[in-house]
Amino acid sequence: MAYTQTAVDVFAPTDASGVARRVDNDEVQIWGTEIEAAISEIVHTVINGIVVGNSVVYSLKSGLLANTTRPDGSLGIVFADPVPDNNGVFVESGAGIWTKTNLALPSTFAADLATAIAGIDDLESSKLNATLSAVSTLFGTALGKASPADTDKIALFDSDASGALKLPTWADFKAALKTHFDTFYPSGSDVETAISDAIASLVTSSQVSDAIEDAFGSISEAASAAAAQATVLIGQAYERPGDAKLLYSSTLTGAAATRPPLSIGTIVNDTELGSVLQISSADVTGASVDIAPRIDFAINPDRSYLVLCVLKRTTDALDPLGNGVETRWQSLNYNKNHVGNGVLGTPLNPTIAAGTIRVSYLIGQAGAPGDLDYVIPPSAVYGLPLLRIFGSDHVTVVATIDIRDVTDQINGGADITQITDDLAAEIAAREALDAGLAAEVEARESLEEVVTIGFEQTTLAIDNIEDALDERALGATIDSQPANIPLIVSNDRVVAWLDGGNFAAKGLSEFLQMSIVDRMTTTSNSDIAIPLITADGQVILWLTPEGDLASKGLSRPLAKSAVDLVTTEVKAATYVPLITANGKVILWLTPNGSLSGPGLSANEPRPSRLASDGRTLHRAKAKTALIKTNPGGSDRLRIALMGDSWSDLRTIPNALRDLMTGTIGLAGHGWQDVEGITQIGGVTFAKNGWTFVDATTNVPIWPNGVGIDGKLITATSTTATISIGNLVATEVRIYSFAHGGTWRYQVDGGAWTTVNEASDGALRVTTISGLVNNAHALAIDTTGNTGTVSIGGFYSTGSGAGAEILKAGNASIDGSQMLTYLGQIGPQLADLAPDVLICILGTNDSHRPLSPPDVFIEAIAALAAAARSAVSDIGLIMIAPSLSSPIGLITPIEEYSDALDTWCAANDVEFLSLTRQMGTWAETQPLGMWNDLAHHSAVGARAITDIINENFFKLR
């Protein structure tokens with residue numbers, strides 16, 4: 001054990017300074033008490049495990065069980081274990097195993113042993129106390145001596161004489177000490193001589209001088225370098241990172257001097273902007289990177305400030321809408337800690353075609369003069385502007401990030417126009433953009449002129465065919481016609497013609513010539529007839545020259561009746577196939593009765609429907625009627641909202657939710673995705689430790705399953721967590737996929753329920769029911785997991801009648817990416833059982849080369865097939881989006897709208913074209929319809945929801 005003081009200290013004749021002292025009785029008592037405790041501990045230790053005859057004694061059973069070396073048949077006694085049943089007599093039954101016997105210890109055993117121990121303690125203590133008393137008396141009465149005489153004696157034990165007591169004099173002590181220390185410390189003269197000899201052998205006086213100069217030279221160089229660091233920025237433009245990179249940082253909080261300078265970006269020279277900071281893929285290690293000036297810009301409540309940023313993109317991103325740039329403002333408090341960080345204006349989507357982008361925003365705290373674009377929080381004392389650049393598949397250059405106090409100009413009578421006159425470059429850039437748009441319009445007009453000429457030439461070709469047919473009498477065939485009849489003319493040159501009755505064109509093979517003619521020249525009763533249906537190479541249904549339907553065995557009254565029925569029943573947008581080849585229609589009748597085919601449809605007007613009539617939505621109409629008839633019931637109208645960011649971001653889903661709330665009410669929160677950043681209805685979502693997989697990253701296959709929105713989270717660890725809050729529900733379903741994982745869920749902090757997945761990859765729906773229709777907190781973790789936990793999404797429903805919005809869009813997705821997972825969502829859709837599915841898709845497709853109209857339609861068809869296989873009578877509404885900004889456009893959105901119109905008409909699917917009825921971005925953006933280049937504002941979302949309701953739901 002540790003002692004407070006040792007005997008040497010307690011009984012020392014002098015203190016540490018050599019001053020004589022008396023023995024302190026308190027110190028002696030403390031020391032003595034500690035000695036007594038030590039002796040007692042030793043005694044107990046000795047007894048614990050002591051062997052008496054054939055027995056061994058322990059105070060605890062654990063001590064006895066640890067003794068495995070006793071002979072077989074030995075006895076063990078345990079007498080003071082805190083567990084009463086552990087006390088008693090044990091016998092060693094072999095192999096170190098102790099077995100308790102029925103023998104009981106005397107009731108006085110522990111007391112008798114304690115008495116014996118106490119007796120030992122008392123004996124030893126009495127002896128110790130007597131010794132201590134004698135020592136204390138002896139030393140306590142002794143006096144100190146400040147100056148010992150050489151003849152004074154000091155007691156010691158002689159180790160060389162077996163500890164015999166010896167009494168050397170003080171003179172003996174001093175002589176011994178001098179002899180000892182002389183071996184360590186030379187005399188003064190010896191030291192002087194040694195120093196002189198060392199210096200003489202090492203350096204001369206000039207060398208010493210040179211060394212001193214070198215030392216001061218190094219100090220001077222360091223000082224000069226420090227001065228250079230301080231002056232390197234003199235004369236540079238602090239608002240231009242290309243001219244003063246050291247004055248910029250990616251750190252936004254703390255004092256400016258403590259924020260590390262930028263370590264990313266390259267300074268390059270731009271012919272238009274001069275020195276600029278270039279940000280490329282190597283500079284963006286996460287989702288985005290911040291570029292901000294290292295300034296502590298003070299904010300005053302009554303002052304207004306103008307933020308100016310200039311940038312451009314020199315290499316386009318694959319997704320310019322998703323990998324844009326935000327102008328932001330970072331607010332700091334009095335000690336330069338974070339207060340808030342907000343976006344100024346709308347996100348920018350720079351492209352090479354857009355050129356240099358210059359933006360400016362007027363900011364200030366509430367009450368500052370001018371029409372503020374952004375209100376700084378009242379707790380902000382400092383702040384700084386910044387650019388946040390998203391994505392890494394592009395190259396963006398930053399020329400300017402500046403902030404200026406413009407209060408005096410505003411108060412002095414100058415308006416914002418006067419202030420922004422300094423931004424002449426911005427105006428020039430806008431003029432250049434306008435010029436580019438004008439050039440685009442001119443090009444479109446030229447293209448339309450070319451198309452018109454093509455229409456006319458094709459019409460002439462059809463007329464030539466009709467004339468050629470009219471010139472032949474009954475019984476004539478095309479094979480008997482004169483050669484070289486021009487069909488199609490372009491630039492005054494015949495590019496297609498009839499050659500001896502064969503269709504001919506430059507490079508056209510003889511086989512293809514004969515195939516085309518064979519398909520066009522079926523004859524019946526010596527008249528030219530139009531084949532409609534073929535089987536085994538034989539025409540089994542055709543149109544006669546008189547326009548009647550004909551077939552072997554078909555009577556004329558029945559044929560005429562069939563034609564009349566088709567004429568009255570076929571929808572306006574129906575195309576009638578005439579000739580097929582290799583499973584494809586190569587000649588058809590258009591809705592306006594024109595003959596059309598490859599190269600012959602120039603005079604066919606584009607589809608022009610604004611919307612279909614909603615006649616296939618009988619399931620949704622029935623649900624709506626049930627809810628209105630019995631508002632106190634439990635009927636639900638489930639609306640699945642799928643597609644791109646127009647269905648994923650909150651704006652349009654919230655507008656649709658508001659419509660339902662104000663008419664038939666809401667019955668639950670519906671679908672909750674696993675990305676967890678765009679929840680609606682106040683639901684909160686947080687996750688940690690999961691791997692997020694998204695179809696927008698071009699995932700080719702989904703081995704671990706996928707949610708209905710093309711999103712998935714997986715975890716192989718035991719520490720992944722999910723927290724969903726404010727979830728008003730009576731039932732929650734969790735959609736997971738069985739890959740051998742283990743996970744748990746907990747509602748409102750209650751007991752955990754463990755889910756052990758199989759390994760067959762199948763969809764598993766875990767239902768939590770019986771909840772009160774209040775806000776709940778759902779927790780999930782992967783405690784105990786040894787496999788892969790894979791979750792695709794959540795569904796929640798409440799009580800009562802009303803609508804549910806299954807918000808299942810995926811921001812930035814296009815048709816080509818949707819095709820990767822649509823084949824796997826059927827089982828989830830079957831469980832969710834939506835009554836109507838609304839898909840808004842096309843904005844991203846029109847800006848990407850990998851999703852042209854035909855791929856887009858393939859995705860629409862796959863989605864419809866998956867929905868109908870899950871819910872056979874589901875209503876489908878396919879929506880072509882309105883015209884977003886043309887920046888970065890590859891294929892006009894009108895082509896997607898036209899293709900969608902045609903497909904929907906042919907497949908009995910409801911259709912809505914926002915493209916044809918909401919105006920252009922340039923027309924509607926000044927009206928407040930857009931948040932940015934591609935996403936509608938709340939105003940635009942309300943307009944879209946109103947159009948959907950007027951055409952399909954008709955809720956009032």
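Helices (H or I, at least four residues) and strands (E, at least two) are DSSP runs, numbered from the N terminus. The model is predicted, so that local features need pLDDT of at least 70 and side-chain atom pairs count only at pLDDT 80 or more, while totals for chains, interfaces and linings use all residues. Residues are numbered from 1 along each chain as its sequence is written, and side-chain values use heavy atoms, with hydrogens and water left out.

In the loop between strand E43 (802-809) and helix H16 (815-818) lies Ser-812. Its phi is near 80°, a positive value in a residue other than glycine. Ser-812 is buried (under 20% relative accessible area), with a relative accessible area of 19%.

The axes of helix H18 (residues 853-870) and helix H19 (residues 893-906) come within 10 Å and cross at roughly 40°. Axes are lines fitted to C-alpha atoms, for helices over the stretch in contact, and angles run from 0 to 180 degrees between N-to-C directions. H18 and H19 are therefore oblique to each other; angles under 35 degrees count as roughly parallel, over 145 as roughly antiparallel, 65 to 115 as roughly perpendicular and the rest as oblique. In contact, defined as heavy atoms within 4.5 Å, Pro-853, Phe-856, Ile-857, Ile-860, Ala-861 and Ala-864 of H18 meet Glu-895, Tyr-896, Ala-899, Leu-900 and Trp-903 of H19.

A positive phi of about 60° is also found at Asp-908, which is not a glycine. Asp-908 is placed in the loop between H19 and strand E46 (910-913). With a relative accessible area of 36%, Asp-908 is partly exposed, a class that spans the range between buried and exposed (over 50%).

How values were computed
Buried < 20%, exposed > 50% of the residue type's maximum accessible area, 1.4 Å probe, protein only.
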